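Here are a few notes to go with the structure, written for someone opening it for the first time. Have it on screen as you read.

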Amino acid sequence: MPIIEIKNASVSYNNSDVLTDISFSVEPADFIGFVGPNGAGKTTLVKSIFGLVPLKTGSIELFGTNAKKFTDWGKIGYLPQQSSTINPLFPATVEEVILLGMLSQKKLPRKFTKADRTKVDEIADQLKIGGLKKRMLSELSGGQQQKVLLARCLVSKPQLLIFDEPSTALDPDSRESFFQLVKELNKKNGIAVVLVTHDAGFVGKFAEKLLYLDKKLVYFGKFSEFCKSDEMRLFFGEHYQHIICHQHDK
Amino acid sequence: MDINFLQYAFIQKAFLAGSFIAVTCAALGMFLVLRKMSLISDGLSHVSFGAIALGLFLGVYPYYAAVPLVMAASYLILKITEKAKVYGDAAIGIVSAVGIAGGVILASLSKGFNVDLFSYLFGNILSISTTEVVLSVLLSFVVLAVLWFYYWDLFSATFDQNYARTTGVKTNMINIILTLLTSLVVVLSVKVVGVLLVSALMILPAAGALQLAKGFRSAILVGCCFSLVSVLTGITFSFFLDLPTGATIVMINAIIFAIALIYKKIA
């Protein structure tokens with residue numbers, strides 16, 4: 001059973017089409033790069049998966065259930081674009097932020113137990129941020145903040161992780177180690193990963209599949225096939241195809 | 001200072017109602033400040049002016065008119081923002097202006113209750129009635145219970161609304177709950193500091209606590225302490241120095257905020 005199955009999905013804002021006739025599926029343990037230029041509709045596609053943006057046509061199924069009726073949100077971990085997330089005045093501690101990742105598993109009135117806090121400790125230790133638990137998120141560096149938000153994603157033990165431009169706030173070293181960590185989670189734990197990025201040349205180093213979007217689906221399939229495709233060479237030109245296929249150190 | 005003043009029934013009532021209102025205002029104010037919705041309390045207090053005027057005009061107990069009308073106004077602000085392509089601050093401005101205008105028209109039509117209405121403009125907790133004390137304590141309990149019940153939903157929706165929705169938090173419902181609670185607290189606070197200063201009671205303790213807090217829960221607790229201290233000392237100083245109570249409470253709040261700000265700079 002696919003984790004996500006999208007059929008003929010279209011989205012429009014103010015009568016202008018943002019996404020047209022998108023169909024693809026995410027299988028367990030997939031690592032897919034959602035790539036496309038700015039304004040291609042990548043973030044809109046992710047938001048539509050979570051029901052944050054309504055579909056004009058088509059359907060989305062999550063773990064075999066229509067997305068509108070889906071309630072088991074703990075199975076999906078979401079890391080939004082960091083720049084839109086962190087309010088520098090917000091006094092939340094690292095522990096409080098990570099706990100938010102378990103809200104979907106709680107019923108009203110949602111309260112956390114000692115066992116929940118132990119899970120927070122475990123995931124924080126695993127990501128080597130255990131010592132920061134009582135610190136305020138706003139006091140941390142960009143790389144540390146990103147790890148905290150990743151811990152928030154992982155604490156509910158999801159089967160799918162969706163990252164929206166996760167590297168925008170990171171320096172090159174932090175970016176490399178962040179993606180190595182994600183790759184490990186994908187390989188060792190079998191967690192499916194969807195990585196949204198405009199950085200077409202970088203994502204191929206980690207992802208197995210490519211979804212290239214420009215308001216409509218340009219390509220969906222394995223990187224290896226994309227690199228050999230004459231059709232894609234004609235579409236992108238040889239130079240850009242080579243940049244996207246930049247998989248030398250895989 | 002003569003501590004016998006605590007024997008006066010009106011001081012006891014002011015302390016009791018003031019304490020509950022102080023804590024409620026500060027707890028709710030933290031969510032409003034962090035969501036950049038502070039001015040909704042200002043707008044709704046203006047609406048309460050119109051609603052109280054209507055109550056006096058119709059001969060209805062002002063609280064009974066103000067609670068439903070201010071709650072309706074808060075819902076209207078949300079709906080205008082959602083449906084009419086108007087930003088939140090503009091929606092607050094519209095509803096608030098209508099509230100004040102309605103109040104002024106009713107005051108001029110009646111001619112008889114102007115003095116009463118002005119006591120609501122600046123508040124007078126020392127004249128609080130037993131019914132008002134009971135109402136304040138009960139409504140404060142309701143507001144605090146709802147805040148406790150939805151604490152993590154409110155926290156998550158305040159921290160990152162989009163993320164909260166991806167974890168199943170009903171953010172639209174949370175927004176409605178928050179504005180309805182704000183309406184209740186605004187009406188309660190009118191007696192303490194008056195229509196013109198209500199927003200200070202909600203904004204200043206939270207703003208001060210944010211200078212010192214080391215976590216969200218502690219920020220709320222520190223804000224509640226600041227608010228409680230300012231209301232209790234404000235009532236005391238105003239009694240002994242013969243100053244207007246509402247304004248004294250707000251000035252003490254402002255002094256606490258300034259001290260917190262300076263402490264943060266030098267610490």
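1. Keep in mind that this is a predicted model.

2. Elsewhere in chain A, you'll find an open sheet of four strands, in the order E2-E1-E4-E5, with antiparallel pairing. Its edges are E2 (16–26) and E5 (65–66), each of which pairs on one side only.

3. What joins E4(A) to E5(A) at that end of the sheet? Two bridges do, linking E4 (residues 57–62) of chain A to E5(A), with the strands running antiparallel. Here A:Glu61 stands opposite A:Asn66 of E5(A).

4. Over in chain B, check helices H3 (residues 62–83) and H4 (residues 88–110): their axes come within 9 Å and cross at roughly 140°. H3(B) and H4(B) are therefore oblique to each other. Their crossing is right-handed.

5. Which residues make the contact between H3(B) and H4(B)? H3(B) brings B:Ala73, B:Leu76, B:Ile77, B:Ile80 and B:Thr81, while H4(B) brings B:Gly88, B:Ala91, B:Ile92, B:Ile94, B:Val95 and B:Gly99. Sorted by type, the contact residues come out as eight nonpolar, three polar and no charged.

How values were computed:
Residues numbered from 1 in each chain as written. Chains lettered and ligands numbered in written order. Predicted model: local features only at pLDDT ≥ 70, side-chain atom pairs only at ≥ 80, totals over all residues. Axes fitted to C-alpha atoms, helices over the stretch in contact; angles between N-to-C directions. Parallel < 35°, antiparallel > 145°, perpendicular 65-115°, else oblique. Left-handed = near helix turned anticlockwise from the far one by under 90°. Contact = placed C-beta atoms within 7 Å. Nonpolar A, V, L, I, M, F, W, Y, C, P; charged D, E, K, R; others polar. Pairing = 2+ DSSP bridges.
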